[in-house]
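Subject: Structure handover

Dear colleague,

Here is the structure I said I would pass on. My notes on it follow below.

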Amino acid sequence: MKTLLIGEYREGKLLESTYELPGFAEKLGAETAMLLVGDESQLPVCNGTLYLADAATCGEYNPDLHKKLILETVQKENPDYIVFLHSSYGWDLAPRIAASLKIAQISEVIGIQDDGSFEVGACNGKMRRNVKPAAGRAVITIQAGAFTAAEPGGTPTVLKVTAESGGALEFIGYEPAEKKEIDLAKAEVIVSAGRGVGKKDNIPVIAALAKALGGELGASRPVVDAEWIAHDHQVGTTGQTVSPKLYVACGISGAIQHLAGMKKSDFIIAINKDKDAPIGEIADVLVVADVMQFVPALTAKIAK
Amino acid sequence: MKLLVCIKQVPDLESRFKPDAAGVWYNETDLAFRMNEYDEYAVEQAVQLREKLGEGTELTVISIGPDRVVETIKKALAMGCDNAAHIQDPAASGKDPWQIASIIAAYSKDKGFEIIFTGMQSQDRGSAQVGVTIAEQLGFACTTTIVGFDYDNGAITAKRELEGGIKGVVKLKIPALVTCQLGLNTPRYPTLPNIMKAKRKEIVVIPVADILREEALAATVSFHPPAKKGGGIVLEGDVADLVEKVIAILKDKTAVLR
Ligand SMILES: Cc1cc2nc3c(=O)[nH]c(=O)nc-3n(C[C@H](O)[C@H](O)[C@H](O)COP(=O)(O)OP(=O)(O)OC[C@H]3O[C@@H](n4cnc5c(N)ncnc54)[C@H](O)[C@@H]3O)c2cc1C
């Protein structure tokens, strides 16, 4: 079995998450070759063939051109699986490859099953599906963090590749993340509000618990999108990554993008009215209650 | 100019899910359905563009599914879409992303759409494939996960959201397709007059068999709850009791309370 792994490079750097790709291949028991649009000074530390295109000429985000590079490499390598990370780079490019080859794509894989199917999440993380490609070959995107990264080691055999530009898309540039007023990464206690808090007027109730515990206020994305709490309080893949001693999740379902930002917390308490909420999978304590009843009562007791 | 927005009806994600008889998708009994959250942003963006371009612009909304999806189509019409296509398919949940995209591409082929909006993914399936695959099949320029959108003079300027909150700014020539991310805009609530007006808007019904020519490329072989990792405790009951228990745990397991 053979996999073609598609590495990631952004703002002049090889992304660390690239090592999760060989981690997946190892679990699959497959041989690997890698394609990277990157730079010679930033080679992944691994063995095997590395098809390297120059990001300076091929662009960091140029889906039409990167598609060409990948399709040409597929011709040379004839892989069973073409593997991406399920990231802003991967989920953008993977369907283009699957459609061009007219093969299945299996998105955000978290496990490999014995029957040749792959396990993926469903219903915002509440359920799971096993999905099987109809033909042998498939495009796969793996969930960030789902497979242990391979230990860096070895030296790749570099084959330089390139492709002509073209297409109707032009990359203008990057915009930095919004400036942070608070650095949640340093907080020892974080109490986060999710959509289950109900409305903006209820946020002070969550903030009061954060204060009583001597911590900071965090938030899930919908609460930030609705402008109940400022963006620099957002925890998750598109917010901050935190690892406090105590994380209290109030009315947060536990979507993977939120978990990615807080699962390394030492101790996690979740308050949710839904016993099946996926946050329960990683919480040390799941309190099944209405957050607007439980949180004020807890705060009052602590304040005493 | 002709615009298309693609929407999916999904169950309320706070529901309890049980596998169906075949064990490959959820049982629909007792589930309440609504518009996929990501698609609400797509509809809002499409309606805003339609309003900006004014006269001579036509915005169509399309949805594939059983008759229940008409409710969600009506919401999109009440938000400001001009007309709708309902691809009637009682077995839509069994179709893979390739087939769903093929249906929309086949519908769109001779319609002259210049911009297509979709959500970046659905909340129940989460494949994040349909939008990009439609663009591939139609030969449209495409970008994904947008949190900013502007259209001027034949070109879209979109802001893509990347990991850690960085954004990538991209310019696309039309015809183009964009997939919309949470927070792109503030989706409007339909007003009563607009709900009434939407009742008179046309919904074309097309049976899926008339339009689908593609076989599935992937199949779901099992739908199941996650394996319980265990470890955590679940506390239920009276609030005062729960508070006592949580205080005891905080004192015992963390250095936060002494
Ligand atoms: C590319 C991408 C990046 C993303 N980045 C992030 C990110 O950085 N951070 C992030 O948080 N999300 C992110 N998301 C969004 C993520 O997928 C979820 O949509 C989001 O985390 C859900 O937030 P929530 O848990 O607050 O809301 P919901 O999922 O709506 O959950 C609300 C929860 O509250 C519970 N609840 C409701 N009422 C009550 C009550 N009265 N008492 C107690 N509990 C109640 C419900 O049972 C439910 O579990 C991202 C998504 C994508 C696609």
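This is a predicted model: local features need pLDDT of at least 70, side-chain atom pairs count only at pLDDT 80 or more; totals for chains, interfaces and linings use all residues.

Helix 1 itself covers residues 20–28 of chain A, and seven of its nine residues are buried, so the helix is largely enclosed by the rest of the structure. The buried ones are A:E20, A:L21, A:P22, A:G23, A:F24, A:A25 and A:L28. Several strands of chain A contribute to their cover, among them strand 1 (2–6), strand 4 (31–38) and strand 6 (81–85). Strand 7 (104–112), strand 8 (118–122) and strand 10 (138–142) are also included in that cover.

On chain A as a whole: the chain contains eight helices and 17 strands. Its C-alpha trace spans about 70 × 45 × 35 Å along the principal axes. Of its 304 residues, 56% are buried. Among contacts with a separation of 6 or more, 63% are between residues 24 or more positions apart. The accessible surface is about 12300 Å², and carbon and sulfur atoms account for 48% of that.

One arginine deserves a separate entry. A:R128 sits in strand 9 (residues 127–133) of chain A. With a relative accessible area of 11%, A:R128 is buried. Its side chain makes a polar contact with the side chain of A:E281, at 3.4 Å. Beyond its neighbours within four places in sequence, A:R128 is in contact with residues of chain A, including A:I110, A:E119, A:V120, A:G121 and A:A122. The contacts of A:R128 also extend to chain B, where B:S222, B:F223, B:H224, B:P225 and B:P226 are on the list.

Last, the cysteines. How many disulfides does the structure hold over all chains? The count is zero. B:C6 is in no disulfide, and the nearest cysteine sulfur, that of B:C180, is 10 Å away. B:C6 is also buried, at 8% relative accessible area. For B:C81, the closest cysteine sulfur is in B:C6, and because the two sulfurs are 11 Å apart, they are too far from each other for a bond. B:C81 counts as buried too, with 0% relative accessibility.

Regards

Conventions. Residues are numbered from 1 along each chain as its sequence is written. Chains are lettered from A and ligands numbered from 1 in the order in which they are written. Side-chain values use heavy atoms; hydrogens and water are left out. A disulfide is a pair of cysteine sulfur atoms within 2.5 Å. Buried means under 20% relative accessible area, exposed over 50%, partly exposed in between (1.4 Å probe, protein chains only). Helices (H or I, at least four residues) and strands (E, at least two) are DSSP runs, numbered from the N terminus. Contact means heavy atoms within 4.5 Å. Accessible areas come from the Shrake-Rupley method with a 1.4 Å probe; for residues, only the protein chains shown count as cover. A polar contact is a pair of N or O atoms within 3.5 Å; within protein, one must be able to donate a hydrogen and the other to accept it, and residues adjacent in sequence count only if both atoms are side-chain atoms.
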